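Thanks for coming. I will go through one structure, and I will start with how its chains meet.

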Amino acid sequence: MSMDTKTLVDWVLGSDAGFWWRFAGVAAAWALPITLWVSLVGLISIWLERKISAHIQCRLGPMEVGPHGALQTIADGVKLLAKEDLIPDGADRMLFALAPILAFAGTFVSFAVIPFGPDLIITDLDTGLYFLAAIGSLEAIGVIAAGWASNNKWALFGSVRAATQVVCYEIPMGLAFVTVAAVAGTLSMTEIVEQQNGMLWNWYLFRNPFMPLAFISYYIASLAECKRAPFDLPEAESELVSGFHTEYSGMRFAIFFLAEYAAMYVVSALAVVLFLGGWYTGIAPVDKALAASPLWGNVVGALVIITKSFALIFVQMWLRWTLPRVRLDQMMHLCLKVMVPIGMFVLVFAALWQALLPYAGALNGREALYPTLGSVTGLVVFLVLVIGGWMWVRGVIRATTSYKTANYRT
Amino acid sequence: MLSDSTRTNAVTSGSADLRTEEMLLNMGPQHPATHGVLRVLVRTDGEVVLDCEPHVGYLHRCFEKHCESVTTLQSVLYTDRLDYLTAMGNNWGFCMAVEKLYGPELVIPERAQYIRVICQELNRIASHLLAIGTYGMDVGAITPFLYCFREREKILTIFEHICGQRLNYNYIRPGGVAYDVDDAMLALIKDFCGYFLPKVDEYDDLLSGNDIFVQRTANVGVLSAKLAIDYGCTGPVLRGSGVPRDLRKDQPYGIYDRFKFEVPVGRGERGSVGDCYDRYMVRVREMRESTSIVQQALKGIPAGEIRSSKIKAKVRPPKGEAFTRIENSRGDLGFYVVSEGKEVLYRVKCRAPSFHNIAVLPEISRGSMIADLIAIIGSLDIVLGEVDR
């Protein structure tokens, strides 16, 4: 069960003798399950990516190792382990070795504050959301270090792009965090989820008419944070060979790879926690029944949160295998001129809504069994955004496929 | 080597304190986006390309010299390796030059003419499919590439049935074609045409109408009609700039004057005339036109001989010289042959369209970004086998 921060600190600071031993013991005790989970998430996501990309592209993907290639990733991991550990001439050897660890550490530590169930959270910090926003940037440092240490021009380009991208997209992402925090009135992950108890429309995604925008803005920013298409500029394989990890091979490359997939899980789980009701199924009676039993509440809760996260990961993969890549200036234009203003707008109006119509919006701590004004308008805005966006995109596509024109020469 | 006078970009022309070092970037010959072994020396300021210089020759195989040492019939085989994505066109171009040496009394049998057109147009489709697919990859969309290859695979299978080869056909020979095409094969080609046209709409959905794709290609690498003509650009690159030039129309060779088709030109529909999007769209539209030509040819194909009896098994062209050109997938493919009446040609010179198309690269990529440079190289659609010969 969870050990909250206060107990932990009290326990550690309570005695002077062996402080660091205890500290190291607690850290190791938590690090082991996270490591296992991160590896498992990596394995599943990489296999999913291969299968999903294959089926999108009319292929089968890996089929040989294990049923439907399920063990292919393990085989590849073994191959990477067995590879020569290569550090190029002229590389900054220490930084080169440190960079993958730095990149991985940020994502790894994020798992400490991401809940899996009502009690399944390693440490429920009061400032959990803030901690995540802060620690998430660590990956950028690792990536920049990798590009610089490699002594390769392509890697340098990739790392500078990564730095630009992460710095840019932290702003709209942070604005989405602040919007949720303003609505929830807390930064604690568990509390944020608990406020979304009740029926589907009680999720923060539908809490007021501005939240759908905040969610979409967060989701786009999270794609950029994970360096996923259409924002995969730092490793744009057709432009920068392989970007910041051009010179990396073997296990060091594997760590970068794992960090990328772990980061995908982190941002998706975070989206689930912040907007999609966390471990709640969205059906109030079911949630109520589950809450009565701590065991089932946690088991089903973990399953729910993992399923929702993987649904979002699926969308990330879907987008990656569909969309071309944007250019650097377009990426920054989208962020600074479109998403930041939208984020500001959403923050201001969500806060106003919360201040003026508190009962129509968040019913903090109370189960809302009936949709409120906020959730109805939120739902409408969400549907309009999704369906309208889809129709608009189709319209643009249809307009370009008109073929016969007067400008032809016969 | 690279001149300083080309600084045309707004980023660097600002405050002098902000001037940073320039970087000389060696792109290729082993780089995923150079479509072979092209090496481009790029001078960059951050992400901005100040100047670039394509270096060619990594795939030089002495094609022309080879043709002076092997027999005429054996030379056909070497032409396959020029633009290896449109080997049918290369065969045809070379054979046409050899046939011209025989003078007007050499008449190519009707059936062979039709088979040549069908093969050439199918090969054009296959080549454009690859161009479009890899172009999608250049701008970051990987899936269209697989879709295009699915269809290209069908064409290659048809060729495999026709002549036993998938890439280097050696099928069109002086005086006709190597083997006859049976009815089952013609039915297969007919089926393919019906299958293929709706697939082009699919590419339009995936790429042409995709907003990110449009943003990445419209107004990028704008090649004006004058510049294109000055540099000797031909094919989709020239037509993308709005010049309606197509040898199948302007100098109908073979039996192209019998078919009804249109010549798509760039219209600047998403940006300005001659940008990457126009060059891309010209190829997409040409695939539709080529399909229509194949369908017309399938309707008109007569029975009969496939090789002129005037050319014997030992091809020994009469003394003289000839220059012919055809509209290949990448443009104007010219062959100049000199014969001394022997089995081995005295001289062969090849005018390869890709060589001229890639030459315009520095002119249209200055001041763009590195990502644009990749998009521009992709839109020029070069084949290094042809550039280096």
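How many salt bridges does the rule find across the interface of chain A and chain B? There are 2, a salt bridge being a side-chain nitrogen of Lys or Arg within 4 Å of a carboxyl oxygen of Asp or Glu. In one of them Arg327(A) pairs with Asp372(B), with 2.8 Å between the closest N and O atoms.

Before going on, the ground rules. This is a predicted model, where local features need pLDDT of at least 70 and side-chain atom pairs count only at pLDDT 80 or more, while totals for chains, interfaces and linings use all residues. Residues are numbered from 1 along each chain as its sequence is written, chains are lettered from A and ligands numbered from 1 in the order written, and side-chain values use heavy atoms, without hydrogens and water.

Back to the interface. On the chain A side, helix H7 (153-184), helix H13 (328-356) and helix H14 (373-400) each supply at least two of the residues that touch chain B; helices here are DSSP runs of H or I, at least four residues, numbered from the N terminus. Contact, meaning heavy atoms within 4.5 Å, takes in 38 residues from chain A and 51 residues from chain B.

The size of an interface is often given as the accessible area lost when the parts come together. Here the area buried between chain A and chain B is about 4100 Å², taken with a 1.4 Å probe and summed over both parts. Carbon and sulfur atoms give 58% of that area.

How values were computed:
Buried area is the accessible area (1.4 Å probe) that two parts lose on being put together, summed over both.
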